[in-house]
Amino acid sequence: MTDELPPLQRVAHAGHVNRCMTALPFSQVEIESSKLALAFYCLGTLDLLGLLESKTTEIDRESWREWIWEQQTHGKYGTGFRPSPAMTPQHDDKEDYTYSDCDTPHIIMTYTALLTLSILHDDFSRLDRPGIALFLSSCQREDGSFGTVPNSSDSDLRTVYCAFAISSMLNDWSGVNVEKAIEYIASCRSYEGGYGQAPFCEAHGGITYTAVASLHLAPIPAPLTPAERRQTIRWLLQNQATSGGFCGRTYKDADACYCFWCGAALRILDAEISATSDPLNAAVRATGLLDPDALARFISSCQFKYGGISKAVGEHPDPYHTYLSLAALSMYPQTHDGHPSWQFEPLDPLLNAREQTARWAREHIPAPDRRSTPLVPSKLRR
């Protein structure tokens, strides 16, 4: 395999997500009911590519802002954002609409809504901040985990991460029992050093990212021990396959999305590529370091000729894998003189957004009296 990469099809990838925002292809219609997540991956892709303003009009962006705010709903469990209006009856007076137990807000969609509005540079004047804190509290369960909606039976580390990310963006942790949530994260750690969706589950690359990111977002110290950190880094590094991509679980095939999930967890844990005198880094180097050039070659092979990036070679492209592949490239720039199409602005691995977008979120989402001292680990601020 040659070390020289072909150009990244930036314009074609922008065209793919623009088409998906207009009309989903048949292979993607199942995500229509989670359209708010689709908006994040599509607009987030344009944001990472630096093509948001050139590939959309101000009328388009204002339309998306208004549509997202229409998904903010209020009720007895607080305020949040619903996944889509698809399953909800239409009401003439949207401002007075109160949700029922059948169409409550969704914690993952609330996280994506806040980031998407940050991509669109909204001023968040319509955000019900106290209502969101109440909503988070309504989603937390006795064991410290969070359901996707109030009173749900589901819970895993993805929803814990969303609660922590939302609280961090608000700079308000009043809706979260942080100590109990950290205990729940610890209970999901596996013998391999990764984290599973729930206690006693198999270690998973995406879930390990949510655990690591949550611990670093927490407003109280929640570090891994040196031995735990070393074990987690080793497990993540071992997930990079010979193809250059990452697998999400041991002995599984590589999937483009895990280039972000595993790569971002490593970035947060400061698994630096450069050699240092730190004995921990020396131990990590012995297991084999992340290879950013091989990662880029794998993502290049997953590009679809008409735009979009798929999970693996020969699969259908989709906005989810397109966004996460580009997010991985934003964290791990090429170490050789590659084509300029492979260069990206840096990414904030804690919030999973371009650094400029993450700064907008931290500056505009908190209430005015909370904007001066954002609760973000200093070493991860820029």
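These questions and answers walk through a predicted model of one protein chain.

Visitor: How many helices and strands does the protein chain have?
Guide: The chain runs to 382 residues. Its secondary structure comprises 15 helices and six strands.

Visitor: What share of the residues counts as buried?
Guide: A residue is buried when its relative accessible area is under 20%. Across the 382 residues of the protein chain, that share is 58%.

Visitor: What part of the accessible surface belongs to carbon and sulfur atoms?
Guide: The accessible surface of the protein chain totals about 16600 Å². Carbon and sulfur atoms hold 53%.

Visitor: Among contacts with a separation of 6 or more, what percentage joins residues 24 or more positions apart?
Guide: A contact means heavy atoms within 4.5 Å. For the protein chain, the percentage is 70%.

Visitor: What is the volume of the largest pocket, and which residues are closest to its centre?
Guide: The space in the largest pocket is about 810 Å³. Its lining has 30 residues. Closest to the centre are Tyr41, Ile108, Arg158, Trp261 and Tyr320.

Visitor: Which elements give two or more residues to that lining?
Guide: Each element named here contributes at least two residues to the lining of the largest pocket. They are α2 (35–49), α5 (107–119), α7 (157–170), α9 (205–217), α11 (257–268) and α14 (319–331).

Visitor: How does the lining of the largest pocket divide by class?
Guide: Tyr and Trp count as nonpolar here, and Gly as polar. On that basis the lining has 16 nonpolar, 11 polar and three charged residues.

Visitor: What about Cys259: which cysteine has the closest sulfur, and how far is it?
Guide: Cys259 is buried too, with a relative accessible area of 0%. Its closest cysteine sulfur is too far for a bond. That sulfur sits in Cys302, at 7.6 Å.

Visitor: How many disulfides does a search of the whole structure find?
Guide: The Cys257 sulfur is too far from that of Cys259 for a bond. The Cys259 sulfur is too far from that of Cys302. For the whole structure, the number of disulfides is zero.

Visitor: Is Ser118 buried or exposed, and what is it in contact with?
Guide: Ser118 belongs to helix α5. It counts as buried because its relative accessibility is 0%. Setting aside neighbours within four places in sequence, its contacts are Phe124, Thr357, Trp360, Ala361 and Ile365.

Visitor: What is the phi of Phe124?
Guide: Phe124 lies in the loop between α5 and α6. At 0% relative accessibility, it counts as buried. Most residues other than glycine have a negative phi. Phe124 is not a glycine, yet its phi is positive, about 60°.

Visitor: And what is the phi of Asn171?
Guide: Asn171 sits in the loop between α7 and α8 (178–187). It is buried, with 5% relative accessible area. Although not a glycine, Asn171 has a positive phi of about 55°.

Visitor: Where does Ala163 lie, and which residues is it in contact with?
Guide: Ala163 is part of helix α7. It is buried, at 0% relative accessibility. Leaving out neighbours within four places in sequence, it is in contact with Ile107, Leu136, Phe146 and Val176.

Visitor: How far apart in space are Ser137 and Ala163?
Guide: Ser137 is in helix α6 (residues 129–139). It counts as partly exposed because its relative accessibility is 42%, whereas Ala163 is buried. The two are 26 residues apart in sequence, and C-alpha to C-alpha they are 9.2 Å apart.

Visitor: What separates the C-alpha atoms of Ala163 and Gly175?
Guide: Along the chain, Ala163 and Gly175 are 12 residues apart. Their C-alpha separation is 8.8 Å.

Visitor: Which residues does Tyr161 touch?
Guide: Tyr161 is in helix α7 and is buried, with a relative accessible area of 4%. Residues up to four places away in sequence are not counted. Tyr161 touches Tyr111, Tyr209, Thr210, Ala213, Ser214, Leu217, Leu350, Leu351 and Asn352.

Notes. Residues are numbered from 1 along each chain as its sequence is written. This is a predicted model: local features need pLDDT of at least 70, side-chain atom pairs count only at pLDDT 80 or more; totals for chains, interfaces and linings use all residues. Side-chain values use heavy atoms; hydrogens and water are left out. Helices (H or I, at least four residues) and strands (E, at least two) are DSSP runs, numbered from the N terminus. Buried means under 20% relative accessible area, exposed over 50%, partly exposed in between (1.4 Å probe, protein chains only). On a 1 Å grid over the protein atoms alone, a cavity is a set of points where a 1.4 Å probe fits but cannot get out, and a pocket is an open set with protein on both sides within 12 Å along at least five of seven lines; lining residues have an atom within 4 Å of a point. Grid points are joined across faces, edges and corners, and a volume is the space filled by probe spheres set on the points. A disulfide is a pair of cysteine sulfur atoms within 2.5 Å. Accessible areas come from the Shrake-Rupley method with a 1.4 Å probe; for residues, only the protein chains shown count as cover.
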